[in-house]
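Please keep the sequence and the structure in view while reading.

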Amino acid sequence: MTTVFGVDIGGSGIKGAPVDLERGALAQERHKVLTPHPASPESVVAAVQEVVRHFDHQGPVGLTFPGVVVDGHTRTAANVDKGWIGMDAAGLFQDALGLPATVLNDADAAGLAELTHGAGQAHGGVVMVLTFGTGIGSALFVDGTLVPNTELGHLELRGKDAEHRASSAVRERHDLSWSAWAERVDEYLGLVERLFSPQLIIIGGGVSRKHEKFLPLLTERGAEVVPARLRNDAGIVGAAMAAAKAG
């Protein structure tokens with residue numbers, strides 16, 4: 001069994017586990033700590049160290065980040081401290097952990113896992129993975145190839161970032177019913193569909209484990225809309241996959 005460590009850094013929690021890359025599943029139960037506030041580089045690095053050390057892990061580590069990541073550098077920071085902008089995140093984690101580190105966008109990681117081991121397996125054409133959590137993350141694939149850092153949660157919807165209207169956090173903050181929230185998700189999916197015409201939309205993030213409460217309420221559309229099969233573990237699995245690929 002080949003295991004590589006994956007860490008998923010989110011707006012509310014930082015979770016990680018060793019991943020069995022052959023099965024595309026966690027090799028041990030994940031360990032989670034709350035995302036510090038403010039989520040500055042120093043405090044997030046300390047939280048990541050706690051997660052990795054919990055398993056006494058030695059070897060490559062893959063990490064997701066909720067923002068644009070280019071060549072290991074974090075370019076945006078919508079749901080974490082602005083101090084991350086322009087940071088060599090891969091270098092920062094590598095130095096702190098003393099281990100090889102690979103950093104990529106959180107939704108891109110979840111998408112890689114879903115296309116390899118989950119709901120998008122062997123699916124050609126245009127596939128979109130949307131993660132609903134603190135914000136809305138997106139991963140866009142064309143015939144299995146990732147178009148990185150799409151960040152479609154920041155598309156404008158009714159004059160504001162779509163994630164400020166339709167994320168899972170918005171549902172909780174405003175105590176929206178599932179049907180009221182589904183209407184907002186529906187409107188967002190309509191916007192995404194008009195722009196990209198995907199054949200398949202995979203709904204991920206923590207809310208995907210409650211998919212039966214809202215997916216049946218969505219309008220039928222050209223794209224097939226399905227829940228993520230790896231649920232909220234997809235980011236951890238995808239991060240480990242990216243670290244393994246980076247060698």
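In this predicted model, a patch of positive charge on the surface is formed by Lys-32, Arg-209, Lys-210 and Lys-213. Arg-209 has a relative accessibility of 53%. Because the limit for an exposed residue is over 50%, Arg-209 counts as exposed.

**Salt bridges**

How many salt bridges does the count come to? The count comes to 8.

| Asp-186 | Arg-221 | 2.6 Å |

The salt bridge between Asp-186 and Arg-221 has an N to O distance of 2.6 Å. Asp-186 belongs to helix H6, whereas Arg-221 belongs to the loop between S15 and S16, so this pair ties together parts of the chain that are 35 residues apart in sequence. Both partners, Asp-186 and Arg-221, are buried.

Are the two partners buried or exposed? Glu-187, at 28% relative accessibility, counts as partly exposed, while Arg-165, with a relative accessible area of 16%, is buried.

Glu-172 counts as exposed at 55% relative accessibility, whereas Arg-171 counts as buried at 13%.

Glu-151 is buried yet has no salt bridge. Which side chain of opposite charge is nearest to Glu-151? That side chain is Lys-82, and it is 10 Å away. Glu-151 is placed in the loop between strand S12 (145-147) and strand S13 (156-157). Apart from neighbours within four places in sequence, Glu-151 is in contact with Gly-67, Val-68, Thr-76, Asn-105 and Ser-138.

The loop between S12 and S13 also holds Asn-149. Asn-149 has a positive phi of about 60°, although it is not a glycine. With a relative accessible area of 17%, Asn-149 is buried.

**Further backbone features**

Arg-158 is another residue other than glycine with a positive phi, in this case near 55°. Arg-158 is found in the loop between S13 and strand S14 (160-161). At 61% relative accessibility, Arg-158 counts as exposed.

What kind of peptide bond joins His-37 and Pro-38? The bond is cis, with omega at about 0°. Pro-38 lies in the loop between strand S4 (31-34) and helix H1 (41-54), and at 55% relative accessibility it counts as exposed. When neighbours within four places in sequence are left aside, Pro-38 is in contact with Ser-43 and Asp-81. Pro-38 and Ala-162 are 124 residues apart along the chain, and their C-alpha atoms are separated by 23 Å.

**Helix H2 and its cover**

Within helix H2 (residues 89-97), the residues Ala-89, Ala-90, Gly-91, Phe-93 and Leu-97 are buried. Which elements cover these buried residues? The cover includes helix H1, together with strand S1 (3-9), strand S5 (61-65), strand S7 (73-74), strand S8 (87-88) and strand S9 (101-105). Just after H2, Gly-98 takes a positive phi of about 70°.

Conventions. Residues are numbered from 1 along each chain as its sequence is written. This is a predicted model: local features need pLDDT of at least 70, side-chain atom pairs count only at pLDDT 80 or more; totals for chains, interfaces and linings use all residues. Side-chain values use heavy atoms; hydrogens and water are left out. Helices (H or I, at least four residues) and strands (E, at least two) are DSSP runs, numbered from the N terminus. Buried means under 20% relative accessible area, exposed over 50%, partly exposed in between (1.4 Å probe, protein chains only). Contact means heavy atoms within 4.5 Å. Patches are made of residues with over 30% relative accessible area and no salt bridge: like charges are joined within 9 Å, nonpolar side chains (Val, Leu, Ile, Met, Phe, Trp, Tyr) within 5 Å. Accessible areas come from the Shrake-Rupley method with a 1.4 Å probe; for residues, only the protein chains shown count as cover. A salt bridge is a side-chain nitrogen of Lys or Arg within 4 Å of a carboxyl oxygen of Asp or Glu. Lys and Arg count as positive and Asp and Glu as negative; His and the chain ends are not counted. The place of a charge is taken as NZ of Lys, CZ of Arg, CG of Asp or CD of Glu.
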